[in-house]
Amino acid sequence: MHKYEQSLEYAKRMDKEDPLGSVRELFYYPTSTQNQTIYFCGNSLGLQPKKAKEEIEKILETWKNDAVEGWFIGEPDWLSINLDLEKSLARIVGAKPEEVALMNGLTVNLHLLFVSFYQPTKERIKILMEENAFPSDQYAVKSQLRFHGIDPEKGIIECKSRPGEKTLRSEDILKTIEEFGEEIALVWLPGLQYLTGQAFNMKTITQKAHEKGCIVGFDMAHSVGNIPHKLHDWGVDFAVWCNYKYINGGPGTVGGCFVHEKHFGEELNRFEGWWGGKRETMMLMQPDIDPIIGAAGWQISSHPVLQYASLKSALKIYDDLSLEEYFEKSKKLTGFLEFLIRNLGSENYEIITPANPDERGCQLSIGTINKGKELYEELANNGVVVDWREPNVIRVAPHPLYNTFEEVYVFVEILRKAVE
Ligand SMILES: *Cc1c(COP(=O)(O)O)cnc(C)c1O
């Protein structure tokens, strides 16, 4: 356990010793009307890399000067503009490059991969989810069930937290899989819960689900770039994520998905389009698809080239750093935040995120007890950008690429005044 100290000097010293300290300079830091801004909202939208504009302008230049030729010329040409980025992401999620594809948005990718991996049979129709899943996941899963003619009330098994507890126990998830596994077609869980900040043990869940013959998929919206993944080694069947939160790829940028290579040769249902076809043959305009063998086989439509540009500027930053150092810093930064908040000892709120650093990422969720939204507004009035989720949660997420220990210290001082 790291030993923290409650002082500004200590925070400044930590920043000085931080091997990732200079990375902050690669981002634009938002300015607000207040004289200082503390941005702890990377869980919702990551900051803009300074190189984003340059990367976007490169595309605009090619479009201006070479028009349609842009698909075939340039470094890289637009046809293959996804490849380097998929490689960068493969490293981040612990996958082989061919197991990662960029396409669409998260919820669209959820639907497309459910077409392949949610195959209810007479014996197995159910989808295991968590209670309080992100709304888009709930809407998507319910609509998938209805599409198969299954009543969502009957098709979903929900893992719940125990009475009086705020997070799910790993043992309870495993027990549910053990108990109902034979009826479950698909285990669909987040890598990290968006509201509580709880990280799930994806490795153990995958193992247990496979023992019971279930397919396992993860929504990694809040886990990608936030906690380490080894999707390939864990044997996860498929996963989807967005790249605009911790990855900093830009608002609404192209989403990511993972399909384990063990599924590449299988005959799966799939909704196809010409961009799932091999690049060498796609322009031959043949009546039948010559599919890419890999996750990219799930691509359907033309690359959103401009979206790739901002994502590229963000992934280049990751390419140049050690992920070990990155996650190490994240643990210290959030550990420091937790240490200071606990020292305040206020009865107006509680941290609902697990205290074990291996069961969370950088986000701490603060459940407010008395002051509620006033507390959030007080923070906002003091230049702090965090977010509020009904009915009573403030999410605070210091990002290891652009936040500092000093900001964490100053934030808690503002929090102290706000609760007084
Ligand atoms: C952010 C988030 C999404 C977003 O979905 P989009 O389709 O990209 O808008 C979905 N699921 C979870 C769990 C999220 O946190």
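Is arginine 169 buried, partly exposed or exposed? Arginine 169 is partly exposed, because its relative accessible area is 29%, where partly exposed lies between buried (under 20%) and exposed (over 50%), with a 1.4 Å probe and protein chains only.

## Basis of the model

This is a predicted model, in which local features need pLDDT of at least 70 and side-chain atom pairs count only at pLDDT 80 or more, while totals for chains, interfaces and linings use all residues. Residues are numbered from 1 along each chain as its sequence is written, and side-chain values use heavy atoms, without hydrogens and water.

## Salt bridges

The whole structure holds 28 salt bridges, each a side-chain nitrogen of Lys or Arg within 4 Å of a carboxyl oxygen of Asp or Glu. In one of them, arginine 169 meets glutamate 165 at 2.5 Å, N to O. Glutamate 165 is partly exposed at 28% relative accessible area.

## A charged network

Glutamate 182 and lysine 212 form a salt bridge at 3.4 Å, N to O. This pair links distant parts of the chain, 30 residues apart: glutamate 182 lies in the loop between H7 and strand S5 (184–190), and lysine 212 in the loop between H8 and strand S6 (215–219). Helices (H or I, at least four residues) and strands (E, at least two) are DSSP runs, numbered from the N terminus.

Glutamate 182 is exposed at 52% relative accessibility, whereas lysine 212 is buried at 16%. Salt bridges with shared partners join Glu178, Glu182, Lys208, Glu211 and Lys212 into one network.
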